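Morning, everyone. Please have a look at the model on the screen, and then I'll walk you through it.

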Amino acid sequence: MPAATLKWFFWTPHILSSHTANMFEIKSTLPADKPAAYAELATLLQGLLTGETDFIANAANTAALIFNALPELNWAGFYRLVEGELVLGPFQGKPACVRLQLGKGVCGTAAQQRQTVLVPDVHAFPGHIACDAASRSEIVVPVIKDGRLLGVLDLDSPVLSRFDAADQAGLERLVAIFVEATANH
Ligand code: SME
């Protein structure tokens, strides 16, 4: 990896309860080999979530890992499905809209369709809900466990067309790891 990097920390399970360690470096620009970068991130997330099933704790650490590991993001986090609405969950970034309706906006569309929605230009997406005017592109992955919709993972970027099929595949893998480790909320 080149020297022009963001510095961040990651935690391995055996030191989770004691102290942070292992300063790690990642690119501040998009990696040339996204699948490899996501594979590495998947390994880190697997380690981070091993032995913990609490939804809020795992969602918080997943959002923090993603936000600190991936470049060109201004928001990363979860909305939980609560009594038919998407309610803001653990996230990293600026304060965001609290309640979203199913079928509305990018999150509500992904939740209703139970499919990832990738939006290259949020201004061109009818009904996009702008929590942060800086957001220009977005990807939302539904979180489904045992056939039940638990919520969505939402990533926003200030860069147009920030997300592509490799991001979708990588993020869907991260959500699968989250779902496998985590109990229903
Ligand atoms: N833009 C989203 C709303 C959530 S924020 O981006 C955090 C949407 O259209 O559903």
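Let's start with a contact. Asn 58, Thr 62 and Ile 66 in α2 meet Leu 174, Phe 178 and Ala 181 in α4. Contact here has a cut-off: the C-beta atoms, placed from the backbone, lie within 7 Å. These residues divide into 4 nonpolar, 2 polar and no charged. Nonpolar covers Ala, Val, Leu, Ile, Met, Phe, Trp, Tyr, Cys and Pro; charged covers Asp, Glu, Lys and Arg; polar is the others, Gly among them.

A word on the source. This is a predicted model: local features need pLDDT of at least 70, side-chain atom pairs count only at pLDDT 80 or more, and totals for chains, interfaces and linings use all residues. Numbering starts from 1 along each chain as its sequence is written.

Back to the helices. The axes of α2 (residues 55–69) and α4 (residues 165–181) come within 11 Å and cross at roughly 160 degrees. Axes are lines fitted to C-alpha atoms, for helices over the stretch in contact, with angles from 0 to 180 degrees between N-to-C directions. So α2 and α4 are roughly antiparallel to each other, a term for angles over 145 degrees.

Now the whole protein chain. How many helices and strands does it have? It has 4 helices and 8 strands. Both are DSSP runs, numbered from the N terminus: helices are H or I with at least four residues, strands are E with at least two. Buried residues make up 35% of the 185 residues. Buried means 20 or more other C-beta atoms within 10 Å of a residue's own; exposed means 12 or fewer; partly exposed is in between; C-beta atoms are placed from the backbone.

Next, the ligand. Of the 15 residues around the ligand, Gly 105, Val 106, Cys 107, Ile 129 and Cys 131 come nearest. Near means a C-beta atom, placed from the backbone, within 6 Å. Which element gives the most to this shell? That is α3, with 4 residues. By class, the shell has 8 nonpolar, 4 polar and 3 charged residues.

Last, two loop residues. Most residues other than glycine have a negative phi. Glu 72 has a positive phi of about 60 degrees. Glu 72 is in the loop between α2 and β3, and is partly exposed, with 15 other C-beta atoms within 10 Å. Glu 83 has a positive phi of about 50 degrees. Glu 83 lies in the loop between β3 and β4, and is exposed, with 5 other C-beta atoms within 10 Å.

Note on methods:
Parallel < 35°, antiparallel > 145°, perpendicular 65-115°, else oblique. Contact = placed C-beta atoms within 7 Å.
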